[in-house]
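Here is a guided walk through one structure. Keep the sequence beside you and follow along.

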Amino acid sequence: MASAFFDEMGPRGAEVRQAYRILQAWLDETPTEILTLRREEAETFFRRAGITFAVYGEGGDPERIIPFDIIPRILEAAEWKQISDGLVQRVKALNAFIADVYGAQDILAAGLVPREQVLLNEAWYCQMQGVALPHNIYTHIAGIDMVRVGPDEFYVLEDNCRTPSGVSYMLENREITMRLFPDLFSRYNVAPVDHYCDELMRTLTSIAPRNCVGEPTVAVLTPGIYNSAYYEHSFLADQMGVELVEGPDLYVMDDIVYMRTTQGPKRVDVIYRRVDDAFLDPLTFRPDSALGVAGLMSAYRAGNVNLTNAVGAGIADDKSIYTYVPKMIEFYLGEQPILKNVPTWRCSDPDDAAYVLDRLGELVVKEIHGSGGYGMLVGPKATKAEIAEFALRIKAKPGKYIAQPTLALSTCPTFVDDGVAPRHVDIRPFILSGAEIRVVPGGLTRVAMREGSLVVNSSQGGGTKDTWVLKG
Amino acid sequence: MLSRTADSLYWLARYMERAESLARILRVTDRLSLMPSGTDADGSEWHSAVVVSGCEEEFYAKHEEATPENVISYLAFDPENPSSIRSCIETARRNARGVRTSLTTEQWESLNATWLELPGWNEARVRGGSLHRFLDWVKDRSLLFYGGTVATMLRRDRYHFTRLGTFIERSDNTARILDVKYHLLLPEHAEIGGGVDYYQWASILRAVSGYRSYNAVYREGLKPWLIAEFLIMREEMPRSLISCSAEIKDCLDRLGEEYGQRNEAHRVAGQIYSRLRFGRVDDVFRQGLHEFLSEHIEQNDRLGAEISRVYLM
């Protein structure tokens, strides 16, 4: 079966692909005991440093570490160039789209995206209509999930335009790999990723409100220590040298946002918020939110503070909007898409729905607003009962679902219980948009640790790998 | 810096210090209870441990009697007691997690490792003869955090707030430990200044790591008024009230310099310090040691509240 998938090192028995030759030689000369030892060291490192994430509502250890696979994934410079160019193009179009739907709505007038798809979408916020944001940027930090199915074939699986997480793992994975395997690392010419936080800081300061005087004050807003990504929030604030604030640390007076400090109030100009839209401001959104700041939206709309990512940016990463991204690229940029979309059937369309219901056993069905690998059906892996149950759900609310073919995700060598074996991977690179667009060469590679599994989500037992982009 | 950050640093330092102090109190208590008193052991040492820990009411709401098992369970492990050693460590670590970007790696890792090792200690293990090993472990972990703080933290506001927490708590704890003697009843026929009395005073010195230091300073045997002087008014004794007070004053002075502003907290701290610096031990005894210590604890609380009001809210 393994031969049906593209293995990035090269299929077993065949010639090892160029980028992996040194790694293969190194694996051959390194005894399994050493690998086991290194894996234990890595786990101790993550535990001690408290690099954990929380899985909600399952009991057990509330602070888990994400399994880290010690074998890096390697991408050639040319492979990365194609990905990176495609990402920049895609994120430009996504930002143009969001600015458009909250502004002139040209794309709706042109009939390229159905009006109701946007205006009736729960991710569309009327409060953002006519708000002018610095540089017209809405998704300042985007995470684009991609999979590979062949040597030159990459597909975009999902755009994350709200608050994509995982970048701290990209950085910590590099840190730990360099510690564990300095000799292997030095045999390769790996492009660095450690400047990500500098780039992030530059991006954030470049989008300060127009009326901000002097060096902008930036803060990271977290829901608090019980949030699953809290480690990342604190990591980013720390690396940028800015305050990590919670809702109660901020208040708004006369449309200006202040934080409470030991020396009295201090004005805040840019907030990298990791709190969802609905919880940001109890006066505008959910009144029961204790995570937000009363009056924040008013200050935002008045142009006295900027938020990343913008409120309402989720309109571009809705799974039903996803299908229109290639058209957006042509419409806004006049270019052909560099990265491919996975063919997608929208169950809101009766013909598509009929097609999907006929082929549930072959397709992957996802909820339009779902994430984290929850609420999805992987047809080829599902039981008959599960398929029948899902069919009922689709028939009841077809508009909630989309379907895609089961992709033959590429595999990478992974150190598992019975030695080094191929496991399926995806990748999430991070794209920063401010005055300029920046992409750090690398991303978070997620790996399905179970044999044959295609689900890479950390909430479903997936692990991560360091991702090496080689310098050209 | 954020008020919440300062608040968390201040309290996490207080909680680590409190855990250490509880370990010290339990250690003295256990030592005292081994004392051959010649009378029926009435367990008054364990009762006094409850009293000096400041949780008399809550303890007796839950337990009828201050048996060694009950007291150790309540002061060391009870999750319902917010000041048990376990709760202190958990609260300290939770605070630390909320402000980990303001801690150095050494501080964070020492706190996190303490928290990770904590579940390895429990009542059964302690009852099985490991009480002292447990108490030593608590003391070591607290000292490691303190050492990490002094050795690695940038000398700025966050450092001063952390140390304020340590010394406000320590000042309170030293006063309470010294006050143990007041709550310890001498057995009916024992004479004041006799063997039992002597043993009790020696234990108090040991509880603040001051037994050998005392002998180095005084060289004339254990005398209650000298011990009181040592723990209240001698600046060379690092856990004495005046040492703590001097540190607190210093932290506040530095904050005052950094922020260019002095306030009510500075005044209260100065007042406490002056009383210790220019007071006389005779007067302490004339007023009554217990009364003096109670007043100190009260003033110290007031200072803590003032610091919270001015900086942490």
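In which loop of chain A is the place of Asn136(A)? Asn136(A) is in the loop between α5 (115–119) and β2 (141–150) of chain A. Helices here are DSSP runs of H or I with at least four residues, strands are runs of E with at least two, and both are numbered from the N terminus.

A word on the ground rules. This is a predicted model, in which local features need pLDDT of at least 70 and side-chain atom pairs count only at pLDDT 80 or more, while totals for chains, interfaces and linings use all residues. Residues are numbered from 1 along each chain as its sequence is written, and chains are lettered from A and ligands numbered from 1 in the order in which they are written.

Back to Asn136(A). Its phi is positive, about 60 degrees, although Asn136(A) is not a glycine. Asn136(A) counts as partly exposed because it has 14 C-beta neighbours inside 10 Å. The cut-offs are these: 20 or more other C-beta atoms within 10 Å of its own make a residue buried, 12 or fewer make it exposed, and anything in between is partly exposed, with C-beta atoms placed from the backbone.

Chain B has a case of its own. Ser209(B) is not a glycine, yet it has a positive phi of about 50 degrees. Look for Ser209(B) in the loop between α9 (195–207) and α10 (211–218) of chain B. Ser209(B) counts as partly exposed, because 13 C-beta neighbours lie inside 10 Å.

Return to chain A for a peptide bond. From Thr308(A) to Asn309(A) the bond is cis, with omega near -15 degrees. Asn309(A) sits in the loop between β10 (306–308) and α11 (325–333) of chain A.

Next comes a sheet. Three strands of chain A form an open sheet in the order β6-β7-β8, with antiparallel pairing. Strands pair if DSSP finds at least two bridges between them. The edge strands are β6 (250–253) and β8 (264–267) of chain A, each pairing on one side only. β6(A) and β7(A) run antiparallel and are joined by four bridges. Val252(A) stands opposite Val257(A) in β7(A).

Finally, see where the chains meet. 17 residues of chain A are in contact with 18 residues of chain B; contact means C-beta atoms, placed from the backbone, within 7 Å. On the side of chain A that touches chain B, α2 (32–49), α9 (230–240), β5 (243–245) and β7 (256–261) of chain A each supply at least two residues.

Terms used
Two residues are in contact if their C-beta atoms, placed from the backbone, lie within 7 Å.
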